[in-house]
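Here are my notes for your read-through. Please keep the model open alongside them.

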Amino acid sequence: MDERYVYMPAKCGEVMVDIVMETYNHENYLRQALDSIFAQQTQFSYKVIVGEDCSKDHTKDILLEYFDKYPGKMELILWKKNVGTLENDYEIMGRCRAKYVATLEGDDYWTDKLKLEKQVSFLEEHSEYIAVCHNVRCVNEVGKLLHRDFRFFPITEEHIYGRKHAGMAQLAGQSAALILRNIFKQWSEKEWDCYKAAKVNGDMKIQAVLGMAGNIYCSREIMSDYRRTFTGDSWTASVRWDNRLWDSYKAIYELEKYLYAMGYGTDDMDAFVKSVLKNALAGSIQKLLCEWNIRNLNVWWKLLCEWVKKNGCKGR
């Protein structure tokens with residue numbers, strides 16, 4: 001029994017799909033996310049595994065309401081202290097026992113009632129794919145369509161995501177769009193340790209490993225909305241005005257380390273990480289010239305030190 005959280009199990013047998021959800025301060029959006037799950041029309045059973053990261057609002061109360069409303073459909077992990085997305089993600093992923101795993105954040109929502117049925121049916125019929133995903137719409141706080149993707153998840157045509165994409169730290173799709181075969185059931189303790197140690201968002205870690213281990217079929221369909229909230233505690237709000245060059249480079253560097261630890265490292269990946277560092281350093285100089293402030297100076301200095309460490313000083 002883990003004393004760090006309250007665990008409320010789902011009173012049900014085996015299911016075909018585990019739907020994992022991280023949530024924190026999502027009281028304004030959580031009902032829509034959960035309703036979009038329970039509106040799914042499927043010929044198989046599923047349950048929702050939620051990690052609630054000690055929200056400051058009424059997120060937990062809403063979860064308890066739905067736990068009672070849908071008996072046997074929800075499994076709750078209610079953290080007593082805020083632990084952050086990496087620990088929360090590690091805990092809920094480790095509880096997945098179904099054949100397939102779907103993901104949905106507490107502020108996003110599905111828009112097609114047949115989403116699960118379509119994706120699971122596809123994977124049942126196509127054993128050559130390890131996962132499947134689709135396109136998403138970008139919407140604002142109230143669900144209004146944003147007519148730009150902010151360089152995240154542009155609408156793409158049907159394609160296959162594989163090793164080439166994973167090695168360049170690309171995502172197959174937004175997390176709400178993905179359903180994967182449950183690779184976690186076969187993971188060793190070492191693989192779980194590597195997953196926990198990697199300081200990278202869970203969607204990057206999962207999709208990179210999937211792309212290295214197999215192919216992801218990416219459909220042209222749009223079956224969910226990705227909410228871009230520019231205020232409050234969302235990731236979008238936290239980075240909107242920030243200089244992210246160092247953080248972006250470190251995420252890719254940590255992803256490379258993670259893939260090497262999992263046995264998927266390549267020379268092409270090394271070259272890609274070096275090019276990312278070079279471009280980030282050049283970008284930091286531009287930012288510093290445009291706006292001289294402590295934040296931009298700090299980012300430039302960290303990237304410069306990283307460049308010197310990786311390349312050495314060329315001279316006598």
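Is Glu 91 buried or exposed? Point 2 takes this up.

1. Basis. This is a predicted model, where local features need pLDDT of at least 70, side-chain atom pairs count only at pLDDT 80 or more, and totals for chains, interfaces and linings use all residues. Numbering starts from 1 along each chain as its sequence is written, and side-chain values use heavy atoms, with hydrogens and water left out.

2. Glu 91. Glu 91 is buried, at a relative accessible area of 13% (buried is under 20%, exposed over 50%, partly exposed in between, with a 1.4 Å probe and protein chains only). Glu 91 sits in helix H3, residues 85-93 (helices are DSSP runs of H or I, at least four residues, numbered from the N terminus). Leaving aside neighbours within four places in sequence, Glu 91 is in contact with Arg 4, Tyr 5, Ile 77 and Trp 79 (contact: heavy atoms within 4.5 Å). Its side chain also makes a polar contact with the side chain of Tyr 5, at 2.7 Å (a pair of N or O atoms within 3.5 Å; within protein, one must be able to donate a hydrogen and the other to accept it, and residues adjacent in sequence count only if both atoms are side-chain atoms).

3. Helix H7. Residues 202-213 form H7. Of its 12 residues, 10 are buried. Among them are Lys 205 and Gln 207.

4. H9 and H11. In H9, Leu 245, Trp 246, Asp 247, Tyr 249 and Tyr 253 meet Arg 295, Val 299, Lys 302, Leu 303, Glu 306 and Lys 310 in H11.

Notes
Helices (H or I, at least four residues) and strands (E, at least two) are DSSP runs, numbered from the N terminus. The expected span of a helix is 1.5 Å times one less than its number of residues.
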